[in-house]
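User: I'd like to learn how to read a helical model step by step. Could you walk me through this one?

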Amino acid sequence: MLPFIFVFGKPISLYALCILTGLFLGTVVAFFLCSRFSVKRDDAVYAALYASLGLVAGGKLLYVLLSLRQVLQVVRLYGISVAMRGGFVAYGGILGAFLAIYVYAKQYKVLVTPLFNLFAV
């Protein structure tokens, strides 16, 4: 698989493009399956937004924790902006997404189990 495609001369990461496509399609599927899980459509969309933030935060956080020594070396040499350009861990993103859905459910007093079941599909 190619790591990047170029659109109008700008590189776009295929990994990021696949993640965004999966998030979008997963949200669309969840939107149509809401009635089966007794979840309001608004709650499904907002929980998906929370999940996308949790996905990014969890994936990046676990990457930094797992490769802390290398990240610190890059920060010392080039600065934090260079160190944060790449690196995500998929299972950290999944954990972050479910944690964010849990936070959404608690914050807006929505049942957690139906939301988890909806997004697990």
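**Reading the fold**

Analyst: Let's start with the contacts: among those in the protein chain between residues at least 6 apart in sequence, 61% join residues at least 24 apart. Keep in mind that this is a predicted model.

User: How many helices and strands are there, and in what order do the elements run from the N terminus?

Analyst: The protein chain has six helices and two strands. From the N terminus on, the order is β-β-α-α-α-α-α-α. Along the principal axes, the C-alpha atoms fill a box of roughly 50 × 35 × 20 Å. As for burial, 28% of the 121 residues count as buried.

User: How do I describe two packed helices?

Analyst: Two packed helices are described by the angle between their axes and the distance between the axes. Take helix H1 (residues 14-33) and helix H2 (residues 41-66): their axes come within 9 Å and cross at roughly 160°. That makes H1 roughly antiparallel to H2, since an angle over 145 degrees counts as roughly antiparallel. H1 passes H2 in a right-handed crossing.

User: Which residues in H1 and H2 meet?

Analyst: From H1 you have Ile-19, Leu-23, Thr-27, Phe-31 and Phe-32, and they meet Arg-41, Val-45, Ala-48, Ser-52 and Leu-55 in H2. By type, the residues of this contact of H1 with H2 divide into seven nonpolar, two polar and one charged.

User: What about H5 and H6: at what angle do they pack, and how far apart are their axes?

Analyst: H5 and H6 pack at an angle of about 145°, with 9 Å between their axes. H5 passes H6 in a right-handed crossing. On the H5 side, Phe-98, Ile-101, Tyr-102, Tyr-104, Ala-105 and Lys-106 take part, meeting Val-112, Leu-115, Phe-116 and Phe-119 in H6. The residues of this contact of H5 with H6 divide into nine nonpolar, no polar and one charged.

User: Which residues are buried in helix H6, and what do they pack against?

Analyst: In helix H6 (residues 112-120), the buried ones are Val-112, Pro-114, Leu-115 and Leu-118. The buried residues of H6 pack against H1, H2 and helix H5 (90-107).

User: Are Phe-8 and Ser-38 buried or exposed?

Analyst: Phe-8 counts as exposed because its relative accessibility is 85%, and the cut-off for exposed is over 50%. Ser-38 is exposed too, with a relative accessible area of 68%.

User: How do I read the cysteines, and how many disulfides does a search of the whole structure find?

Analyst: Zero disulfides turn up in a search of the whole structure. For the accessibility of individual cysteines, Cys-18 is partly exposed, with a relative accessible area of 47%. Cys-34, at 1% relative accessibility, counts as buried.

User: Where is Pro-3, and which residues is it in contact with beyond its neighbours in sequence?

Analyst: Pro-3 lies in the segment before strand E1 (4-7). Leaving aside neighbours within four places in sequence, Pro-3 is in contact with Ile-12, Ser-13 and Leu-14. Pro-3 counts as exposed because its relative accessibility is 55%.

Definitions and conventions. Residues are numbered from 1 along each chain as its sequence is written. This is a predicted model: local features need pLDDT of at least 70, side-chain atom pairs count only at pLDDT 80 or more; totals for chains, interfaces and linings use all residues. Side-chain values use heavy atoms; hydrogens and water are left out. Helices (H or I, at least four residues) and strands (E, at least two) are DSSP runs, numbered from the N terminus. Buried means under 20% relative accessible area, exposed over 50%, partly exposed in between (1.4 Å probe, protein chains only). Contact means heavy atoms within 4.5 Å. Axes are lines fitted to C-alpha atoms, for helices over the stretch in contact, and angles run from 0 to 180 degrees between N-to-C directions. Angles under 35 degrees count as roughly parallel, over 145 as roughly antiparallel, 65 to 115 as roughly perpendicular and the rest as oblique. A crossing is left-handed if the near helix is turned anticlockwise from the far one by less than a right angle, and right-handed if clockwise. Ala, Val, Leu, Ile, Met, Phe, Trp, Tyr, Cys and Pro count as nonpolar, Asp, Glu, Lys and Arg as charged, and the others, Gly among them, as polar. A disulfide is a pair of cysteine sulfur atoms within 2.5 Å.
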